[in-house]
Amino acid sequence: MTTEKFHCHPTIILEKAGGVIIASILILLSQAEYVIPFFQEGFASEEDLPSILMVLGLILLLPFFTAGYQFLVWRKTWIYMDGTTLVIERNTLNRKKNTYSLAHISNVNTEQNLFELFMHTSRLKLDMENASDANSTDITILLSMSKALEMKAQLLSFSQKSTVGDGAAPSLSDPSCASFSEILTHCICSLPGYYLISAVIFTALALFLFFGLDLNPLDILFEKKTTSFFMKSFTVCILVFSYIYQIIKRLLGFYQFSVYRQGNELMVHYGFFRKQDFTIPIGRIHALQIVQPPIARLTGRYEARIVCIGVGDAQEELTQFSLCKKKQDVMESLAALLPEFPAASIHHMRKPPKHAKILSFCSCFCWIMVCCLFPYMLIASLEPSKAIEDASPLLYACLSLACCILLYYLFRHFCLGFYAGGSFAICSGGSLTKTATIMPYREMQHICFKQNLLSRHFHLYQGEAYILASEANRKVRLPYITEAEKKLLAQEMGHDCLGGS
């Protein structure tokens with residue numbers, strides 16, 4: 001392993017100082033109509049000269065000062081490997097030396113935006129295996145493409161020595177990219193539940209705009225109602241194009257999506273404007289999620305996502321292992337590429353215990369009382385006459401909210417499931433979107449069990465299992481489990497962490 005010191009690629013100066021430079025140029029252009037006459041026709045008075053020169057000096061000197069500072073930081077920052085550690089040393093006025101253990105690198109990813117693609121550079125992103133910084137990338141280094149690939153290979157070769165895999169699946173030397181039809185199907189079937197709810201609301205709004213008021217097409221031609229019609233059309237077009245934009249954005253995000261395995265490493269590639277390349281050691285994957293969004297549940301499709309530090313930290317980072325496909329295709333892909341997580345075991349999940357229905361009903365009833373019945377009674381007690389006269393809108397609103405709460409609990413109850421296997425547990429939950437999470441016991445950091453008065457009477461527990469992952473996926477909700485299942489979880493989690501078989 002090389003120990004020579006090197007800098008980041010010089011284009012990092014432009015990337016870090018580019019925002020200030022572009023902002024200064026835009027400010028100058030926006031004020032050009034006021035600045036140019038002073039130089040063409042002379043200044044209005046000598047009193048204005050110092051203030052004008054001061055403003056122009058600040059606008060012009062700020063980007064040069066920023067670029068100079070970034071150049072100094074780049075020139076005084078060194079990166080090198082010292083034995084089993086990676087060192088990033090900055091020798092500016094405030095000296096800093098960060099030393100990272102190579103054995104605790106969770107994964108090594110590369111990323112390119114359009115500027116870096118044009119400059120033939122690549123951003124190397126390293127995530128350390130620690131829970132405190134798991135919600136952001138720990139180390140980001142900008143290098144030339146060849147240097148980034150060389151350093152990535154060195155880091156992965158060392159990380160692989162300290163990562164014990166549970167087994168190696170067949171390597172695929174010729175990965176295949178997902179076709180356009182597969183990506184389009186995934187983008188439509190994987191739309192979250194709130195997209196569908198907002199689509200229904202927007203559709204109702206559009207129907208109200210056009211048909212809620214009496215509007216004769218002849219009036220548009222012969223009377224002065226054209227402006228109103230165009231405003232309605234413009235509003236509806238904004239709603240339609242916003243959804244089209246989301247679909248196109250997702251399509252480009254999954255451009256050339258491919259997943260394959262090489263030995264004990266999982267390779268994930270995707271992206272159009274931002275090309276991303278993830279190399280994840282199998283031993284660093286902390287959980288696997290089998291997800292069914294609302295449209296996927298109606299069409300009998302599934303998608304698989306991995307839970308790992310450094311994957312899904314940012315909004316543009318995807319956690320996809322498999323696109324939305326038929327159940328058999330997803331299971332075959334998981335069995336071939338990721339046999340360490342037995343996804344077929346989701347068929348053994350049991351439904352919630354019989355007393356869980358009573359607990360869900362009581363919780364639903366309490367929320368309806370708090371959100372619907374009590375507000376209605378309060379308004380009726382404060383203004384009885386108004387409540388009697390205008391009871392219909394208020395009553396309809398409370399009934400609608402009560403129906404939404406009831407449907408939410410009904411959907412959530414049908415999504416619940418649990419299974420505890422020999423070395424892993426599976427928890428299923430959700431409402432519109434159903435998610436089953438496969439968690440090995442060794443990845444569970446701690447479990448929080450909860451009981452209220454009613455669940456204590458039925459000897460049932462709820463809670464959360466915390467795993468080592470990004471903040472968005474770190475907490476996995478446990479459905480109602482029995483006393484025996486609680487003891488099994490606690491026993492197997494501690495036994496597996498101590499190296500028991």
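Visitor: Where is the place of H120?
Guide: H120 sits in the loop between α4 (114-119) and β5 (121-128). Helices (H or I, at least four residues) and strands (E, at least two) are DSSP runs, numbered from the N terminus. This is a predicted model, in which local features need pLDDT of at least 70 and side-chain atom pairs count only at pLDDT 80 or more, while totals for chains, interfaces and linings use all residues. Residues are numbered from 1 along each chain as its sequence is written, and side-chain values use heavy atoms, with hydrogens and water left out.

Visitor: What is the phi of H120?
Guide: Phi is positive there, about 60°, although H120 is not a glycine.

Visitor: Is H120 buried or exposed?
Guide: H120 counts as exposed because its relative accessible area is 52%. The classes are buried under 20%, exposed over 50% and partly exposed in between (1.4 Å probe, protein chains only).

Visitor: And H459, where does that one lie?
Guide: H459 is in the loop between α15 (453-457) and β17 (460-467). Its phi is near 60°, a positive value in a residue other than glycine. H459 is exposed, with 52% relative accessibility.

Visitor: Let's zoom out. How many helices and strands are in the chain?
Guide: The protein chain has 16 helices and 18 strands. Of its 501 residues, 40% count as buried. For contacts (heavy atoms within 4.5 Å) with a separation of 6 or more, 58% are between residues 24 or more positions apart.

Visitor: Take helix α11. Which of its residues are buried?
Guide: In α11 (residues 327-337), the buried ones are V330, M331, L334 and L337. Seen down the helix axis, they fall within an arc of 150°, so they line one face of α11. That arc is taken over the directions from the helix axis to the C-beta atoms.

Visitor: Why would that spacing put residues on one side?
Guide: An α-helix has 3.6 residues a turn, so residues three or four places apart point the same way.

Visitor: What is exposed on the other side of α11?
Guide: Q328 and A335 are exposed there.

Visitor: What do the buried residues of α11 pack against?
Guide: They pack against four strands: β7 (258-262), β10 (287-292), β11 (301-307) and β12 (320-326). β12 is itself mostly covered, with 5 of its 7 residues buried.

Visitor: In what sense do β11 and β12 pair?
Guide: The two are antiparallel, with 4 bridges; pairing requires at least two DSSP bridges between the strands. R305 stands opposite Q320 in β12.

Visitor: Which residues line the second largest cavity?
Guide: Q320 is one of them, along with V268, Y270, F278, I280, I306, V311, L318 and T319. A cavity is a set of points on a 1 Å grid over the protein atoms alone where a 1.4 Å probe fits but cannot get out, and lining residues have an atom within 4 Å of a point. By this rule there are 2 cavities of 30 Å³ or more.

Visitor: How much space lies in the second largest cavity?
Guide: About 30 Å³. Volume here is the space filled by probe spheres set on the points, which are joined across faces, edges and corners. β8 (265-270) and β9 (275-281) each supply at least two residues of this cavity's lining.

Visitor: How does that lining divide by class?
Guide: The cavity lining has 7 nonpolar, 2 polar and no charged residues. Nonpolar covers Ala, Val, Leu, Ile, Met, Phe, Trp, Tyr, Cys and Pro, charged covers Asp, Glu, Lys and Arg, and the others, Gly among them, are polar.

Visitor: Switching to pockets: how much space lies in the second largest pocket?
Guide: The second largest pocket holds about 490 Å³. Of its 22 lining residues, K16, V73, T77, I88 and T140 are the closest to its centre. A pocket is an open set of points with protein on both sides within 12 Å along at least five of seven lines.

Visitor: Which element gives the most to its lining?
Guide: β6, with 4 residues. Elements that supply at least two residues each include α1 (11-30), α3 (48-75) and β6 (139-144). By class, the pocket lining has 11 nonpolar, 5 polar and 6 charged residues.

Visitor: What does T77 stand opposite?
Guide: T77 faces R90 in β2. Strands β1 (residues 77-82) and β2 (residues 85-90) pair in the antiparallel sense over 6 bridges. They form a hairpin with 2 residues between them, and G83 in the turn has a positive phi of about 70°.
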